[in-house]
Structures are given as C-alpha cells and as structure tokens.
Number of protein chains: 2
Amino acid sequence: MLKYEMIAQEINEYIEKEHYEAGDKLPNVEKFKEIYGVSKSTVIKALENLEKKGIIFQTRGSGIYVRNKKKDGYVNLFSASGFHDEIVGRQLTYEVKEVAEVTPSKHVQKQLKLEADEPIYKVERVIYVDNKTFCTELSYFNKSVVLYLNEGIAESSIFEYLEQHLKVKIGFSDIYFKVDKLTENEAPKLSLQAGEPCLRYEQLFYTTTGVPFDYSQLVYHYENALFYIPALK
Amino acid sequence: MLKYEMIAQEINEYIEKEHYEAGDKLPNVEKFKEIYGVSKSTVIKALENLEKKGIIFQTRGSGIYVRNKKKDGYVNLFSASGFHDEIVGRQLTYEVKEVAEVTPSKHVQKQLKLEADEPIYKVERVIYVDNKTFCTELSYFNKSVVLYLNEGIAESSIFEYLEQHLKVKIGFSDIYFKVDKLTENEAPKLSLQAGEPCLRYEQLFYTTTGVPFDYSQLVYHYENALFYIPALK
C-alpha cells in the first residue's frame, strides 16, 4: 500500500470515529498534515483518492465535506471493479457455466479493439450473493492482457486474480445500461419468469494505459440487485 | 466561464478534431501548455475537469488517455445535474402536475436534514424526451436554498433556474436505484401497464458547501431511458 493510500484509510477511519455525517465539514489540508505528520502533497493525494471513492467532496476555496455513506447491500457502480470489492461481508458465489477460448464476433472484436481474429477468453457465470441469484455474466477477455484463465480461477474473483497474479492495472470502465424484460432464455438462469424486469448492463474495462481488456454483458435480478452512484454535479 | 473551463472546452474540441479514439494517448501537460499558451496549473485544472466528466483518464506517470464518447441518447448518471445538460439536441418537455408548499414527511425531513416542520416545495412532473414519456419525477426542495418556485419555473429546467437566478452552487449527489415492477398507480403516468418494468431511482443533491437541497424520486420508462456511467476502477 502506498503512503497516500494509508493516509486515505486513516482519514476514512477518522470520519467514522468522529461520527461525521453527510454535509459536515472536515478539517483542512494543513490540519490533516499535522495530525498524520506527512507532507501536504500526500494529504492532497489521499483526499483525491477519497473523493474518487465518493467518500468526500472538495470545493475549491470552501472546504472538504463528508458524503453519505453507501447503504448496506448497494453496489457502487462508479468505482465498481468486480463484486468482491463491493459485496463486503456477504457471501459471494460464482457458478461457472463455461470458460473457453473462442474467436470473437465482429461486435466483441470492435469493443476490445482486436486487430484480426485473435482468440479471446469467454467466461459465462451466474453470480449469487448470500445464495440469492444476483446476476448472469458473460465476459470476453483480451488475451494480450488476460494471459491465462481457467474454470478454477473463474470460481473466484477474476479481477483479484488479474491484479494480484497477472499484475494488471485496472484503470477505468464505461457502463451502459437499460431496464428490460427477461427473455425465455434468460429468465430460468435468474429463477424468474420471461417478461419479468431486469437490468441489462454492458461494461468495458480498460487498463490504466487505455487498453480495453474485458467486455462484459450482465443481466441483474430485479429484486436482489441494488445500486448506488456517488455522482458529481 | 473561467479560464480553465475554456481550456477544457478547447481540449475537448481538439480530441474531436484530431479523431482521437477510446484508449488513445493524448499529448502531455507541457505540450498543452505550449498549444494554448496558458500556465501549467490552468492545464492541470482543465484536465481534472475533463476527467470528472469522463472524457479523459489520467494515470500518474503514464499519461493521459481518451475515453469512449457517450453514446447518443444515453443519460450520464455520474455528472447528472438535471436533464437539460444531458438530453442535448433533443426536445425536453416538462408536464407539471403540482407545485406546492407542504410540510415534509419524517422521511423527507431526514433526507433534507430539516430541523423541525419547516415547509418545503414539492414538485411533481412528467418528463418527455422527443414527445416520449421519459420518467415521472417527485421532488422536494429545501426552502432555505430554493427560495422560490412556481409552476412557470417548473415548466423548464429547475436546475438552470437555481444556478442562473438563485446562484445556487450545485456540488454533488447520491443516487440509489433498483429495477422494479410498476404499480397500478404509476403505470398510466408512463403509458405502460402495471407489472411492467421500471427503474426506481432516488437522488439527493447537495450544494458545494454540503447542504442537501433536493430530494427526488424518479420512475423511468424502461424502453425510453438509457443510461451511461464513466466509471473508475
């Protein structure tokens, strides 16, 4: 963990311990510098980190404010990087339907910016939270970034594996979604009826150097999935 | 418009003009300093601004990358501040059902952090995009920030009015949502049937100094509303 990440964690704990609530003003940079005995630039980086996570909001010239705590059980879509970060304290289970090397369709090829018919990994899973169906997931991984995958790896968090073992640096992602009706084919996977509601969701992940490496299509269970976004103006 | 906002706009146009695509690396800060003849700190602020809007992604020590352009017709939930910013080039119509001064329920009182039984503004609208029902909206406004409202104002963008006339500085917001089935009461407002899908959505807006001033409950039409989030790791 880098120094600024440690300070970010300290400040987060400070917010908890001192019972700050949404809208409350925090001490300024100078004060945090004193409290933790670190440089101004470390405090600034730590605060940027907390701002990106939606924990604080900074106004130039006015101060630092605490934001609402994420409600329990809600998935933060803004900083989503796989569910293991989000579904804390609850049981997350991955049911692997398929892991295969395939040739991408034209659509997937375009998303992942593949040159020709390079093979990719296709992973199909059903994800459960506390034994309730949460979503179905169909993912395509660029093999130049995701060097290796198998069923055993897909039974846990793929992102944890990518970060810890393949040293992939996950940067940002684009999410597109809409509400829809479940098809005959999709409904049984979520233990629902065709025509019932769902969230139909597409996400394209990039590394920190702008390489798209994961294009996923998810279908969320309408009763079991709750979402949160810490938005800016 | 502030200087850094102008430079942000220039850089955005530069990205368009030079046909940069998602994942492409942009020139560095020094280069932009040269191109626009402004200070380093102005370029840095401009880039921060573009990063918050999901247009670029910056990696410490590695560079500045272009992100995917928002698809046409999708609402950016991360930087949502009323629909007039988002639904560009399409016809936005507000059908005002009610504007009233009411005493808040306990729930609304808690959201807006009101001390006692302070009266608030309640606004009920149906929003249309290109004459298609987009969503229903029920909003509660803190009167200490939203000093005045009436039907005429609610027939256009309330946020534009707040920013331009009441000089309200909108800071950040918390969004919570889930997919659900429409009730008997809701369905006709969206020209749908009870039991059909919808996105049920709550948003709490704060000023830049952390004062909650707008608590809104929206119900989106499942066929007409499309969403986008430029997410971070």
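Over all chains of this predicted model, the structure holds 24 salt bridges. Side chains of opposite charge can pair when their charged atoms come close. One of the salt bridges joins R90(B) to D130(B), with 3.6 Å between the closest N and O atoms. Because R90(B) is found in the loop between β3 (74-76) and β4 (92-102) of chain B, while D130(B) is found in the loop between β5 (120-129) and β6 (132-141) of chain B, this pair ties together parts that are 40 residues apart in sequence.

Salt bridges are also found between the chains, and the rule finds 6 of them across the interface of chain A and chain B. Among them is the salt bridge of K181(A) with E196(B), in which the closest N and O atoms are 2.7 Å apart. Where both residues have pLDDT 80 or more, the count of residue pairs in polar contact between chain A and chain B is 19. On the side of chain A that touches chain B, at least two residues each are supplied by α3 (40-52), β1 (56-59), β2 (63-66), β7 (170-181), β8 (197-207) and β10 (226-232) of chain A. The element that gives the most to this side is β7(A), with 12 residues. Sorted by class, the side of chain A that touches chain B has 28 nonpolar, 19 charged and 11 polar residues.

The extent of the interface can be described both by residues and by area. In terms of residues, 58 of chain A are in contact with 59 of chain B. The size of an interface is often given as the accessible area lost when the parts come together. For chain A and chain B, the area buried between them is about 5400 Å², and 59% of it lies on carbon and sulfur atoms.

Terms used: Residues are numbered from 1 along each chain as its sequence is written. Chains are lettered from A and ligands numbered from 1 in the order in which they are written. This is a predicted model: local features need pLDDT of at least 70, side-chain atom pairs count only at pLDDT 80 or more; totals for chains, interfaces and linings use all residues. Side-chain values use heavy atoms; hydrogens and water are left out. Contact means heavy atoms within 4.5 Å. Buried area is the accessible area (1.4 Å probe) that two parts lose on being put together, summed over both. A salt bridge is a side-chain nitrogen of Lys or Arg within 4 Å of a carboxyl oxygen of Asp or Glu. A polar contact is a pair of N or O atoms within 3.5 Å; within protein, one must be able to donate a hydrogen and the other to accept it, and residues adjacent in sequence count only if both atoms are side-chain atoms. Helices (H or I, at least four residues) and strands (E, at least two) are DSSP runs, numbered from the N terminus. Ala, Val, Leu, Ile, Met, Phe, Trp, Tyr, Cys and Pro count as nonpolar, Asp, Glu, Lys and Arg as charged, and the others, Gly among them, as polar.
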